[in-house]
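Here are my notes for the colleague who asked for a second reading.

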Amino acid sequence: MRVFNIHINLKTWALVLGFLLGTLSPSEALDLASAKIVLNENSGVPAKAAEMLEEEIEKRTGIALPIVPLSDSQEGPAICLIRVDQAPEGVDTTGVPEAPEGYSIRVNGDQVQLLGRDDRGVLFAAGRLLRLLSMSEGEVELSSDVDISTAPKYPIRGHQLGYRNTANTYDAWDLETFEQYIRDLIAFGANSVELITALDPEEKDGPVMTETQWDMNLKLAELAHSYGLDVWFWMPLSGDVTDPEESKKELEERDRFFKACPAIDHIMVPGGDPGRTTPAVLMPWLEKMAEVLHKHFPEAGLWVSNQKFKPDENDVFFDYLQEHRPTWLRGVAYGPGTLITLEETRRRTPDQFPLRRYPDITHCVRCQYPVPKWDGVFAQTLDREPPNPRPRDTAHIHNVWADLSDGFVSYSDGAHDDFNKMVWSALAWDPEADVNEIVEDYCRLFFGPSTLAETSQGIWGLEKNWDAPISENRHIAETLNLWRLAEKRGGEALKENWRFQMYLFRAVFDAYIQIRHEKEMEYQRQAYSELAKASEIGCSQAIAAAREALAQADRIRIRPDLRLRLEQLGVDLQASIGYQMSVREPYRARNPERGALLDKADRPLNDRPWLENRFDQILALEKEGERLAAIDQILNWDDPGPGGFYDDLGNATLQPHLVRQTTWEEDPMFITGPQEAHYRSLNNETLEIDPLKFSWLDQAQTLYGVPLKVAYKDLDPSAEYRVRVTYFGRYHSPMRLVADGDIEIHGPMTDSDPVWPVEFDIPKKATEDGKLELSWELVEGRGCQVAEVWLMKK
């Protein structure tokens with residue numbers, strides 16, 4: 001970087017800038033390959049903005065644009081970074097929004113003016129320019145009709161970058177990688193970074209870390225502060241502060257960290273997840289913590305979330321805010337696991353406290369914003385943390401509740417959610433921004449102009465891969481073709497690009513799983529055909545033949561070219577961005593759930609684990625008649641008999657009787673209505689697969705006391721019915737089953753162990769009108785989960 005001492009009067013500024021007017025027609029592209037970056041201040045955030053421009057352009061083009069003082073500026077293309085209060089005479093600043101962080105970008109002749117209302121305005125103008133530039137080797141151009149004046153709608157726009165073992169990439173990063181990523185976030189308007197530190201100076205909680213968490217976070221705080229960003233720390237309370245000694249210890253640990261840290265703007269303390277300190281204890285203790293914080297950082301804000309607070313605890317929390325109106329508390333955060341809606345949280349929070357969203361943009365399942373109607377095969381293989389660009393869903397999730405908050409700092413556990421970060425940042429700046437343009441900006445900046453069509457369509461394609469059942473989704477092959485075409489067209493420029501590697505990996509993975517699933521379902525159909533012969537050839541022989549059919553998956557390699565490509569890309573991603581695609585060497589991910597897709601690429605995609613286990617049980621039966629009956633049960637598992645109905649709840653294509661109290665568009669958190677839930681069948685410790693049917697692995701689920709309902713019509717009024725139910729899910733919550741609102745079918749009960757359907761009679765008075773509503777009501781726990789339900793005529 002080259003920044004010079006600059007001391008020059010405003011008249012000279014005007015002379016230098018004035019000669020650059022009127023040399024291009026609006027339709028021409030402005031060639032900036034020989035431009036200078038003109039700066040009138042060689043320190044602070046504007047200098048960092050100039051340095052960022054210079055270095056990011058050089059990385060993409062090989063062209064090093066010099067940063068020059070105004071006195072050295074001569075005729076020719078120029079990029080001028082100007083803060084409004086330092087603008088020279090003759091520079092029109094009237095179009096620059098007066099709001100904080102506002103800026104304008106204008107082209108006057110072959111001069112690009114970046115006019116910032118303040119330091120951050122200059123910084124974000126530089127970041128936006130990077131998104132607009134067309135950059136390739138030896139070329140840097142800008143459309144000559146660019147004319148932008150903008151300021152952010154929401155003041156808080158940030159992302160969590162937690163240097164901890166939970167992350168699938170961050171814990172492998174060095175300071176240089178973090179700085180590059182912070183620049184990338186700035187380009188899309190992020191003004192905050194949230195860090196996660198250990199309070200023990202010697203702690204390293206992961207095998208790939210090169211520094212202690214303490215040391216790295218001190219460096220990261222200083223780095224983010226140097227760019228003028230707000231430095232947040234996510235700081236849960238784990239100790240029992242009702243114990244005076246423990247309380248003192250917790251405060252002393254924080255005091256030691258605050259004293260060492262170079263910059264802190266905000267601290268967010270989650271009320272739960274982790275931590276379970278009741279608000280009656282937590283809030284008075286946080287007042288003490290605020291005193292410690294303000295001793296070192298008098299202007300720092302302390303925030304608290306009500307995550308995991310039970311209804312009575314929420315009453316205590318909001319009563320405390322209303323009665324005490326604590327001046328030591330800056331605001332309230334709304335995060336995953338909050339038992340009430342964002343609307344209710346805002347309504348019950350006094351107006352003096354801003355509300356910050358803490359959105360989980362990192363997970364796809366068992367999370368705050370699960371992928372709606374996700375195919376269970378993807379839920380078991382891609383799991384919680386795959387590369388997950390969701391342009392349509394992310395835009396909706398941001399905008400549907402944006403006006404209830406003052407912005408957000410996201411929950412992120414790795415680089416896999418990179419695209420979602422950029423969408424949240426851009427929409428928090430301008431909720432009316434065109435998501436297509438955000439996608440194109442993303443692909444232009446990170447992949448270059450030569451592959452813009454393929455990569456932008458490819459981003460949308462990765463979301464479309466999840467829009468339909470895997471067995472019939474034609475987008476999966478199309479998406480892979482787009483990324484392969486981009487790979488061919490991009491050549492060497494994309495070979496070591498971690499974002500490209502990551503999305504290509506996802507496209508290959510989706511295609512590989514789709515092809516394997518199709519083949520393994522064929523093997524299962526063959527196995528069932530063999531089982532159907534049991535009455536003729538005997539159960540033992542039929543089971544042996546069925547096992548042979550299923551075992552084809554062990555002998556026949558399905559698309560080894562795709563499987564090899566996944567291994568290659570896994571190695572490439574570890575080298576380029578520290579991505580941990582497996583718990584095994586050399587990756588060393590924390591567990592398979594944390595983005596370790598290579599550990600799930602070969603798992604069974606049919607019911608083979610359950611069938612093999614069931615075969616053992618059947619062969620252990622003493623009588624052939626019992627064995628035949630058990631095989632018949634397998635073959636006719638989902639058959640409810642004449643006049644009956646079957647729902648595989650949690651499978652979006654096989655639950656026609658599920659009652660949806662609300663839509664995903666209205667409630668993408670599913671707090672007020674049912675969602676498709678997915679049980680993790682891969683053991684994080686042993687890597688073994690639980691022998692469970694796929695129809696058990698997905699469930700319909702409601703949260704926090706919302707009833708789970710199914711409804712039937714056109715029943716036979718003269719008939720008597722029974723209901724068969726498979727209870728299973730990760731909550732194991734006790735539920736009662738009620739018909740038509742007031743007829744109890746059974747009292748509190750939970751999952752069977754081992755998992756198996758249970759049956760109950762339906763009183764005739766519940767069905768004699770030809771209709772029936774069954775409602776599962778939560779007795780205690782987190783939510784209702786039901787895997788299967790049959791309604792059968794007796």
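Which residue in E25 is the bridge partner of Tyr 721?

1. The partner is Ile 762. This is a predicted model, in which local features need pLDDT of at least 70, side-chain atom pairs count only at pLDDT 80 or more, and totals for chains, interfaces and linings use all residues. Residues are numbered from 1 along each chain as its sequence is written, and side-chain values use heavy atoms, with hydrogens and water left out.

2. Strand E22 (residues 721–726) runs antiparallel to E25, and 5 bridges join them; strands here are DSSP runs of E with at least two residues, helices are runs of H or I with at least four, and both are numbered from the N terminus. Two strands are taken to pair if DSSP finds at least two bridges between them.

3. The open sheet has 4 strands in the order E18-E28-E22-E25, with antiparallel pairing. Strand E18 (645–648) and strand E25 (758–762) stand at the edges with a single partner strand each, so one side of each lacks a neighbour in the sheet. From one strand to the next, the twist averages 15°.

4. The axes of helix H3 (residues 119–132) and helix H13 (residues 435–447) come within 7 Å and cross at roughly 85°, the axes being lines fitted to C-alpha atoms over the stretch in contact, with angles from 0 to 180 degrees between N-to-C directions. H3 is therefore roughly perpendicular to H13, a label for angles of 65 to 115 degrees. Leu 130, Arg 131 and Leu 132 of H3 make the contact with Asp 441, Arg 444 and Leu 445 of H13, where contact means heavy atoms within 4.5 Å.

Terms used: Parallel < 35°, antiparallel > 145°, perpendicular 65-115°, else oblique.
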